[in-house]
Amino acid sequence: MRPEIDSIYGNRLRVRACGICWSDDKLLMVNHIGLSEDSFWAPPGGGVEFGESVVETLEREFREETGLAVEPGRFMCVCEYLSRPLHAIELFFEVTVQGGSLAAGKDPEMASNRQLIASVAFLPFQRIRELSTGQRHALFEIYTSVKDLKSASGYWKI
């Protein structure tokens, strides 16, 4: 993990709003660099800011990360990630695309020459499952098929 990530996100609890966005059986994923030694693929999402609703966070994060306007739908599940120095409570919602154009976005917390987002893409679920454990969000260790993820519910410590 790059040192600036630790200084921005480390040693504090972070509540994140994350979206599961399907196109047929392909899932929208963001490829991050600098979080681990490899690239890391995860559904779009990010930190809830003080005074901002979870729905507003989802809408903002999708605009920032993917260029898409979305409408949040059903609440799906909670994943708690705790691996010092990071601790996150991630709230996953179904989202549907309402407009915009898919493009890799920017992390406003990071300098322009130190961005985390390498690319965004709708990936076939099987392709996500073929990534190594360290290259994909732990959500894909819990939900191992399209059917499982589409019916996701509950609380998971990952």
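The structure is a predicted model, in which local features require pLDDT of at least 70 and side-chain atom pairs are counted only at pLDDT 80 or more, whereas totals for chains, interfaces and linings use all residues. Residues are numbered from 1 along each chain as its sequence is written, and side-chain values rest on heavy atoms, with hydrogens and water left out.

The protein chain contains 5 helices and 9 strands, these elements being DSSP runs numbered from the N terminus (helices, H or I, at least four residues; strands, E, at least two). Along the sequence, their order is α-β-β-β-β-β-α-β-β-β-α-α-α-β. Of the 158 residues in the protein chain, 44% are buried, where buried denotes under 20% relative accessible area, exposed over 50%, and partly exposed the range in between (1.4 Å probe, protein chains only). The accessible surface of the chain amounts to about 8,000 Å², and carbon and sulfur atoms account for 52% of this area; the areas were computed by the Shrake-Rupley method with a 1.4 Å probe, and for residues only the protein chains shown count as cover. When contacts (heavy atoms within 4.5 Å) are considered between residues at least 6 apart in sequence, 66% of them join residues at least 24 apart.

An open sheet of 5 strands is found in the order β5-β1-β7-β6-β9, with mixed pairing. Strands β5 and β9 (154-157) stand at the edges and have a single partner strand each, so that one side of each is left without a neighbour in the sheet. From one strand to the next, the twist averages 30°. Helix α2 (residues 54-66) packs on this sheet and touches β1, β5, β6 (68-83) and β7, its direction making about 95° with that of β6; axes here are lines fitted to C-alpha atoms, for helices over the stretch in contact, with angles from 0 to 180 degrees between N-to-C directions.

Strand pairing, for which DSSP must find at least two bridges between two strands, can be followed from β1 in both senses. Strand β1 (residues 12-20) pairs with strand β7 (residues 86-100) in the parallel sense over 9 bridges, and L13 stands opposite H87 in β7. Towards strand β5 (residues 45-47), β1 runs antiparallel and is joined by 3 bridges; among the partners in β5, G46 faces A17 and G45 faces C18.

The structure holds 4 aromatic pairs, defined for rings of Phe, Tyr and Trp (its six-membered ring) whose centres lie within 6.5 Å, with planes under 30 degrees apart termed stacked, over 60 edge-to-face and the rest tilted. One of these, between F125 and F140, is edge-to-face, with 5.9 Å from centre to centre and 65° between the planes. Because F125 lies in helix α3 (residues 125-130) and F140 in helix α4 (residues 139-142), the pair ties together parts that are 15 residues apart in sequence.

Y143 is buried at 6% relative accessibility, whereas W156 is partly exposed, with a relative accessible area of 33%.

W22, F125 and F140 form one aromatic cluster. K150 lies over the face of W22 at 4.9 Å from the ring centre, a placement that requires NZ of Lys or CZ of Arg within 6 Å of the ring centre and within 35 degrees of the ring normal.
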